[in-house]
Amino acid sequence: MQKKLVVLSGAGMSAESGIKTFRDADGLWEGHDVMEVASPEGWKKNKQLVLQFYNDRRRQLLTCLPNEAHMLLTDLEDYYDVTIITQNVDDLHERAGSTNVLHLHGELLKVRSEQNEEFVYPWTKDLLDNDINEQGHTLRPHIVWFGEMVPELENAIPLVEEADIIIIVGTSMQVYPAASLISYAKPTAQAYYIDLNPAPIKQTPCDIKVIAMKASSGIQSIIEELKTNS
Ligand code: OAD
């Protein structure tokens, strides 16, 4: 049986594809206060602004390509049972060819009913104020906003608990509950944290090797070791 490898990816994973991370120097996200564009309160206050914001992000995503870091993770599927747990709302892991991708914070290329969150639809064009589904429900971006439940968390936890290898890549480890997932690792797991500017990681139940590099070079630096130890 193959060993289990779990990747916990964040915005830094997609930076080399040209997608901006969230916590850049000015504390703004593409010029916006995060709470204005990524919270239920922001949505209530100015739906037009939020729609426009995600429409811009969606349009931008459609011009981006997976980068070398995404590709390298796909290669590891020949050696490990790989699952990617991502905070990213882009589809770059999938486009690179990764088979098992769990999106903790939703997906930019999906929208859902505001009246029943079970109704989720693929969406590649702009979402407009008057778009509705077949039942007449209004639609919103399929994104987990600040203050909202993270329904995929319960699927993510057992994956981390069972992982033999964990690669955390491109995340500031500031947003919970995503940042707490590493605490579910088993003591015998080997973890790596690859980030251009790694955050201090407090206690982890397992050994963690910090690699201060960009995602592609960082993954490249451990890939042979991973293949050999598979
Ligand atoms: P952040 O923007 O907080 O952190 C990005 C991390 O990537 C930082 O630690 C950078 O040092 C690192 N980084 C930047 N470029 C890199 C590169 N080329 N290679 C490797 N690392 C690089 O992003 P997240 O931690 O993903 O939530 O943010 C978590 C959540 O906060 C997001 O999912 C989003 C946001 O608000 C929602 O939208 C709900």
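Tutor: Let's start with a term: a polar contact is a pair of N or O atoms within 3.5 Å; within protein, one must be able to donate a hydrogen and the other to accept it, and residues adjacent in sequence count only if both atoms are side-chain atoms. This model is predicted, so local features need pLDDT of at least 70, side-chain atom pairs count only at pLDDT 80 or more, and totals for chains, interfaces and linings use all residues. Residues are numbered from 1 along each chain as its sequence is written, and side-chain values use heavy atoms, with hydrogens and water left out.

Student: Which backbone oxygen does the side chain of Ser39 reach?

Tutor: Look at the loop between α2 (34–37) and α3 (40–45), where Ser39 lies; helices here are DSSP runs (H or I, at least four residues), numbered from the N terminus. At 2.6 Å, the side chain of Ser39 reaches the backbone oxygen of Met35.

Student: Is Ser39 buried or exposed?

Tutor: Buried means under 20% relative accessible area, exposed over 50%, and partly exposed in between (1.4 Å probe, protein chains only). The relative accessible area of Ser39 is 2%, so Ser39 is buried.

Student: How many residues of domain 2 are in contact with domain 1?

Tutor: The bounds, from an automatic or database domain assignment, are 1–19 + 66–105 + 150–230 for domain 1 and 21–63 + 111–143 for domain 2. Contact means heavy atoms within 4.5 Å. Domain 1 brings 14 residues, and domain 2 brings seven.

How values were computed: Helices (H or I, at least four residues) and strands (E, at least two) are DSSP runs, numbered from the N terminus.
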